[in-house]
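Biologist: I would like to go through the charged pairs here. Please show me the structure first.

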Amino acid sequence: MKCAVVACGIAGALLAVSTMVSAGGNLLLAGVEKRGRGEHYVYAGALLPLPGDHRLGQGWVARVWADSLRYGYEVSNPALYPRDPQRIDARGQGLELALGYHESRGGLSVAGYAGMRYADTRFTPDDPGSRVRGSELWPKLQLDVAYEFSPRWRTQNIAAYTFGLEQYWVRSHLLYRTQDAFDLGPELVLLGDRDFRAAKIGIVLGGLQPTPDSTLALRAGRHVQSGADSFYVGLDFGLGF
């Protein structure tokens, strides 16, 4: 029986960041999340409006994404491993290409994407029973929804699903805009696939602007999973170009 302890889920494009940083232009996204035992998730991507009368927040947008991750889990199989349970260390890289459509009306912004995700995952020691072992190509859907309740309060939500793996990743932020124009609020993440379920509960500080065309958000909290609880810290960066 396998008990997966996955380090992190798939990050999503921040729709609210895109409208704040680069209305009408291109947007570069990058970030990192770290946990205990050297587990991490690093990503870089771009949102590129298609030629014609299209822009971020309104129209057709191409989404390019690349990521790298390291995570661990435990396997109970005395016939295969000298230890029971045996910890498996996994390293993987991924690439996504997707086409999306953005729509913004009033305080509501919605973006939907459909595309393909390629991933290559290796294990030490090897885990022949893993469902993500080796190189695979899967279809993926993603939906981003942001809503501004008032000048002070808004919510950001992302849901992604990768077919074949039955893999899901859902994140919700409820943010309060301070008098200093910072965004502060709770973060809730639900993630899993056919082998595991997990959650993240934390806090977000956003609205930081290292440059006029960029924005920065900091995240920290607790990753909750049976036998695998740990703290996490994360950083998300957006740059208009």
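**Salt bridges and burial**

Biologist: Why is Glu33 called buried?

Modeller: This is a predicted model, so the value is computed. Glu33 has 9% relative accessibility. Buried means under 20%, so Glu33 counts as buried.

Biologist: What makes Glu33 and Arg219 a salt bridge?

Modeller: Their side chains meet at 3.1 Å, N to O. The cut-off is within 4 Å, so the pair qualifies. Glu33 lies in strand E2 and Arg219 in strand E12, so the bridge ties together parts 186 residues apart in sequence.

Biologist: Is Arg219 buried or exposed, and how do you know?

Modeller: Arg219 has 7% relative accessibility. That is under 20%, so Arg219 is buried.

Biologist: Which network of salt bridges includes Glu33 and Arg219?

Modeller: The network links Glu33, Arg171, Glu187, Lys200, Arg219 and Asp236.

Biologist: Why is Arg87 called partly exposed?

Modeller: Arg87 has a relative accessible area of 22%.

Biologist: What makes Arg87 and Glu39 a salt bridge?

Modeller: Their closest N and O atoms are 2.9 Å apart. That is within 4 Å, so the pair counts. Arg87 is in strand E5, and Glu39 is in the loop between E2 and strand E3, 48 residues apart. Glu39 is buried, at 4%.

Biologist: How do you know that Asp89 also pairs with Arg87?

Modeller: The side chains of Arg87 and Asp89 meet at 3.2 Å, N to O. The limit is 4 Å, so this is a salt bridge. Asp89 is partly exposed, at 27%.

Biologist: How many salt bridges are found in the whole structure?

Modeller: The search finds 17.

Conventions
Residues are numbered from 1 along each chain as its sequence is written. This is a predicted model: local features need pLDDT of at least 70, side-chain atom pairs count only at pLDDT 80 or more; totals for chains, interfaces and linings use all residues. Side-chain values use heavy atoms; hydrogens and water are left out. Helices (H or I, at least four residues) and strands (E, at least two) are DSSP runs, numbered from the N terminus. Buried means under 20% relative accessible area, exposed over 50%, partly exposed in between (1.4 Å probe, protein chains only).
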